[in-house]
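Hello,

Here is the structure you will be taking over. Please have a look at it first, then read my notes below.

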Amino acid sequence: MDVTCKLQLLPWRRALRRVRKGEYQGDFLIGWNEKRSEWLHFSPPLITTKYGLFVPTSDPLEYCQPKDIQDHRVAVYGPSNTSRSLEKLSQEVQGLKIIMSPDNKPGFRQLPIHRVDAVYSNRDVGWAMIERLGIKGVRYAGPHRELSYYVGFPKQYVDSRQVKAFSQAYFKLLRSGEIDALLRPYGMKPQREEF
């Protein structure tokens, strides 16, 4: 694209607020939802990941279906797409208690000491959080659903032609193998379907 980008790591809500105000021209990475699509253009899907459950290693749970977490206390970051997904899942489960926090740290810290029974999280975010916090005694119990992540561009401040140019540049990098090379060290793969 021949564009210089300045990246800044911000807390989620602050980043979203600044993108909405036009202080930033994009939000990376963001999940699609209908409300966001009202004010954001979305890039092609960049990566695919899964929402799922983390449990203490002493818990034999292998998550396969909603009833597997009946009567569980489940921590989740929210309000967020992640917490909305868990809330939807909870409609199929008896006795599920959702414990929502404004970030992922409390749930993952409480998990190995059994203050919660599980954490519902993006799998890749969960593994990164566990590593960053040095948490031991936690494992991934299985996926609930698959989702894609995008770059969101505020419609009020970013023209759709710029989003198209971004998409074309992205697909060129994808076809060349550069995206695969960037994601490989993190155990991640790009989403392959064209937008």
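Start at R139. A polar atom of its side chain lies 2.6 Å from the backbone oxygen of D59. The R139 side chain also makes a polar contact with the side chain of E62, at 3.3 Å. (A polar contact is a pair of N or O atoms within 3.5 Å; within protein, one must be able to donate a hydrogen and the other to accept it, and residues adjacent in sequence count only if both atoms are side-chain atoms.)

A word on the source: this is a predicted model, in which local features need pLDDT of at least 70, side-chain atom pairs count only at pLDDT 80 or more, and totals for chains, interfaces and linings use all residues. Residues are numbered from 1 along each chain as its sequence is written, and side-chain values use heavy atoms, with hydrogens and water left out.

Back to R139. It is found in strand β7, residues 138-154. (Strands are DSSP runs of E, at least two residues, numbered from the N terminus.) R139 counts as buried because its relative accessibility is 17%. (Buried means under 20% relative accessible area, exposed over 50%, partly exposed in between, with a 1.4 Å probe and protein chains only.) Leaving aside neighbours within four places in sequence, R139 is in contact with several residues, including L53, F54, P60 and W127. (Contact means heavy atoms within 4.5 Å.)

P143 is also found in β7. P143 has a relative accessible area of 39%, so it is partly exposed. Beyond its neighbours within four places in sequence, it is in contact with K50, Y51, G52 and Y63. P143 and R84 are 59 residues apart along the chain, and their C-alpha atoms are separated by 16 Å.

The largest cavity has a volume of about 40 Å³. (On a 1 Å grid over the protein atoms alone, a cavity is a set of points where a 1.4 Å probe fits but cannot get out; lining residues have an atom within 4 Å of a point. A volume is the space filled by probe spheres set on the points, which are joined across faces, edges and corners.) Its lining includes A75, Y77, I99 and D103. β4 gives the most to that lining, with three residues.

Best wishes

Methods. Helices (H or I, at least four residues) and strands (E, at least two) are DSSP runs, numbered from the N terminus. On a 1 Å grid over the protein atoms alone, a cavity is a set of points where a 1.4 Å probe fits but cannot get out, and a pocket is an open set with protein on both sides within 12 Å along at least five of seven lines; lining residues have an atom within 4 Å of a point.
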